[in-house]
Amino acid sequence: MPVEPSAERIVDQAAAYASPALIALRDRLLVALAFASGIYEAICFLSFGKVFTAFQTGNIVFLGLGIAGTRPPDGPDTVRVIISLVAFAVGAMAAVRILQAFDGDDEVEDHEVFQVWPRRVSIALGVGLAVQVAFLAVWMASSLTSSAENILVALSAFAMGVQMNSIRFLRVPGVSTTAATATFISLATGIATWSHKAPAARRLTGVVVSMAVGAAVGDWMLNHAHPYAPLLPVLVIGVVIVIATMALRQEPAQLPTRTR
């Protein structure tokens with residue numbers, strides 16, 4: 001029985017309307033966002049106890065441990081796990097509202113073309129970035145009491161929820177910049193079936209590796225530059241938004257009409 005071709009070959013809709021150079025640039029920006037997410041996860045997990053602010057599958061498991069009665073230091077802080085889950089969901093919902101409110105370029109019909117990085121995605125990421133700047137401000141100004149740490153968990157989780165749904169809107173197959181499970185399984189499946197084209201393999205590998213590298217960098221920052229640990233991911237995300245806005249904007253004349 002022949003193996004069906006990977007969706008990676010057929011679902012990257014932007015590739016039909018953008019040059020390989022633009023797609024490659026988009027993929028590098030996704031890798032950069034995954035790197036920033038890895039830093040945030042390391043900061044939050046190591047600073048606030050056993051809690052994630054992006055990888056909500058882990059938090060659901062931690063919630064189960066808390067319900068079973070496992071408490072810190074062996075188990076998670078159940079209250080913070082719940083704060084992260086709720087804030088992440090609120091951020092994801094906020095991203096949906098932002099993406100619906102800003103249509104990108106009104107003169108471009110979504111049913112006719114699929115842009116490599118619509119303007120509304122940068123707007124949503126900008127909202128998430130503003131929340132991450134607030135995270136940085138609280139981190140640097142606060143003595144990090146228990147209440148302040150809860151606020152930081154909520155801010156980070158909200159921003160990660162915004163980023164998650166913003167990047168999902170790009171419909172890049174197999175890629176999540178806030179949790180690597182789907183990306184990792186897409187990479188493994190493609191390797192097993194020999195179905196990945198080179199750009200897809202580079203993109204998926206880059207996201208997985210950069211998230212791990214980001215976590216390592218976050219750990220290093222906590223140990224060697226603790227007050228400024230959240231500054232690097234803020235700068236990375238800001239650069240991503242600027243580059244996407246300036247370099248990935250496709251004018252209507254650049255967008256071919258879909259053949260039917």
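**Close-up 1. Arg80 and the residues it touches.** In this predicted model, Arg80 makes contact with Phe48, Val51, Ser146, Glu149, Asn150 and Val153, leaving out residues up to four places away in sequence. Look for Arg80 in helix α3. Is Arg80 buried or exposed? Its relative accessible area is 6%, and buried means under 20%, so Arg80 counts as buried. Now pick out one of its contacts, Glu149. Arg80 and Glu149 are 69 residues apart along the chain, and their C-alpha atoms are separated by 8.8 Å.

**Close-up 2. Helix α3 and helix α5 cross.** Here you can follow helix α3, residues 78–101, and helix α5, residues 146–168. Their axes come within 6 Å and cross at roughly 35°. The crossing of α3 and α5 is right-handed. What kinds of residues make up this contact? They divide into 16 nonpolar, 7 polar and 2 charged.

**Close-up 3. Asp77 in the loop between α2 and α3.** Asp77 sits in the loop that lies between α2 (56–68) and α3. Its relative accessibility is 29%, which lies between the limits of 20% for buried and 50% for exposed, so Asp77 counts as partly exposed. Which residues does Asp77 contact, leaving aside neighbours within four places in sequence? They are Lys50 and Pro72.

Methods
Residues are numbered from 1 along each chain as its sequence is written. This is a predicted model: local features need pLDDT of at least 70, side-chain atom pairs count only at pLDDT 80 or more; totals for chains, interfaces and linings use all residues. Side-chain values use heavy atoms; hydrogens and water are left out. Axes are lines fitted to C-alpha atoms, for helices over the stretch in contact, and angles run from 0 to 180 degrees between N-to-C directions. Helices (H or I, at least four residues) and strands (E, at least two) are DSSP runs, numbered from the N terminus. A crossing is left-handed if the near helix is turned anticlockwise from the far one by less than a right angle, and right-handed if clockwise. Ala, Val, Leu, Ile, Met, Phe, Trp, Tyr, Cys and Pro count as nonpolar, Asp, Glu, Lys and Arg as charged, and the others, Gly among them, as polar. Buried means under 20% relative accessible area, exposed over 50%, partly exposed in between (1.4 Å probe, protein chains only). Contact means heavy atoms within 4.5 Å.
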